[in-house]
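Dear colleague,

Please find the structure below, handed over for your use. My notes on what was found in it follow directly after.

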Amino acid sequence: MFRYLDYIYSVYREKSFSRAAQKLHISQSSLSCTIRRAENEIGTPIFNRNTTPVSLTEFGTLYIEKAKEIYKFKNTLENYVSDLEAGVKGRIGIGASSFFSTYLLADVIFNFRKTYPEVRIELFENITTLLRKRLDSGFIDLMITNTRMDESKYQNIFLFEDRLYIMIVPSLLPPEISPAMQTPFSAIGTPKEENYPALSLEPFCRTSFLLLHPGNNLRSCAESLMKEAHINPPILLEVNETNTLYHMAQLGMGATLLGSYVIKKVGKPEDALFFRLKGTSAKRGTYINILRNRLLTPALKQFLEELQYKCQKEK
């Protein structure tokens, strides 16, 4: 069924028998006969020749979808063999938020490039939903997220645990919350944070919040914790970046939710307080997400090892 794959795919890509024949360096009549032979062997048409440009039948659409998977797998194998022969070379495509790019990946990439200068690294910053499409297509090799994705399709490599906190200035504290209930900055992200109370969001029902836009893991966690606390507080502002949340909360514009990793990386604020949260979404992981069937090139394998080593060292 896939003997004639290159011919069929060329017609699909060019949307023309004549242009495809030119690209393949064969005559149009020869190409047409080959496609007819393929359709006869399969038992159903692949192309609708009554449209301009030529289009796919329903079966043809399915055939091309599977053809793309075959080409993707073929390219992966060829790249893997090439990298094995050449050593640690090639390309690594990485997807992450701008925060992870700045505070987690920057020095790993810098050190990796010094050791392996022949590896080309491309970094793409965006939200998880858009990066996942690039991961699924094979355009990027890995993503860094706080999402444990479908285990049947993705491999999720755990990097570190992230505890959620509410960040708020003293003047905005609800009457029932005492500053003495805060978790000291020095304890955040360490085993000592367990020694301090974990709070529900219920007392913050009238507090104005600053949140990330919907579609982000932190926003989903915030909504989950609010639902568990049976509150629907006012959302004062939605932004794209956790750094923005941090600095606006520090100014006293409203309260926000942040992970312990963000808090430690951005640094101790002058006035804001942090209160550890409790709930099913108050603790999350940070993961490297990779397609489960993806072959790891020597370059990619080495990069993963160095990223994991950095996270282990920072614990």
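**Nonpolar cores**

Leaving aside neighbours within four places in sequence, L201 is in contact (heavy atoms within 4.5 Å) with I166, F209, L225, M226, A229, I231, L257 and L277. Please note that this is a predicted model, in which local features need pLDDT of at least 70 and side-chain atom pairs count only at pLDDT 80 or more, while totals for chains, interfaces and linings use all residues. Residues are numbered from 1 along each chain as its sequence is written, and side-chain values use heavy atoms, with hydrogens and water left out.

L201 belongs to the largest nonpolar core, which has 66 residues; L201, I92, L142, I144 and F303 are the members that touch the most others. A nonpolar core is here a set of buried Ala, Val, Leu, Ile, Met, Phe, Trp, Tyr and Cys residues joined through side-chain atoms within 4.5 Å. Buried means under 20% relative accessible area, exposed means over 50%, and partly exposed lies in between (1.4 Å probe, protein chains only). Strand β6 (residues 154-168) gives the most to this core, with 8 residues. Helices (H or I, at least four residues) and strands (E, at least two) are DSSP runs, numbered from the N terminus. A second, separate core holds 18 residues, among them I8, L31, A38 and Y63.

**Helix packing**

Helix α2 (residues 17-24) packs against helix α3 (residues 28-42) at an angle of about 105°, and their axes are 9 Å apart. The two helices are therefore roughly perpendicular, the class for angles of 65 to 115 degrees, whereas under 35 counts as roughly parallel, over 145 as roughly antiparallel and the rest as oblique. Axes are lines fitted to C-alpha atoms, for helices over the stretch in contact, and angles run from 0 to 180 degrees between N-to-C directions. From α2, the residues F17, S18, A20, A21 and L24 meet Q28, L31, S32 and I35 of α3.

**Aromatic pairs**

The structure holds 13 aromatic pairs. Rings of Phe, Tyr and Trp (its six-membered ring) pair if their centres lie within 6.5 Å; planes under 30 degrees apart count as stacked, over 60 as edge-to-face and the rest as tilted. F59 and Y63 form a tilted pair, 6.2 Å centre to centre with 50° between the planes. Both residues lie in helix α4 (residues 58-86), 4 residues apart, or about one turn of the helix. F59 is partly exposed at 23% relative accessible area, whereas Y63 is buried at 2%. Elsewhere, ring pairs link F99, F100, Y103, F160 and Y261 into a cluster.

**Backbone features**

The peptide bond from T52 to P53 is cis, with omega near 0°, and P53 lies in the loop between β1 (47-48) and β2 (55-56). K15, which is not a glycine, has a positive phi of about 55°; K15 is in the loop between α1 (5-14) and α2 and is partly exposed at 41% relative accessibility. H25 also has a positive phi, near 60°. H25 sits in the loop between α2 and α3 and is exposed, at 71% relative accessibility.

**Strand β4**

V119 lies in strand β4 (residues 119-125) and is buried, with a relative accessible area of 1%. Not counting residues up to four places away in sequence, V119 touches V88, K89, G90, I92, F112, R113 and A299.

Yours sincerely
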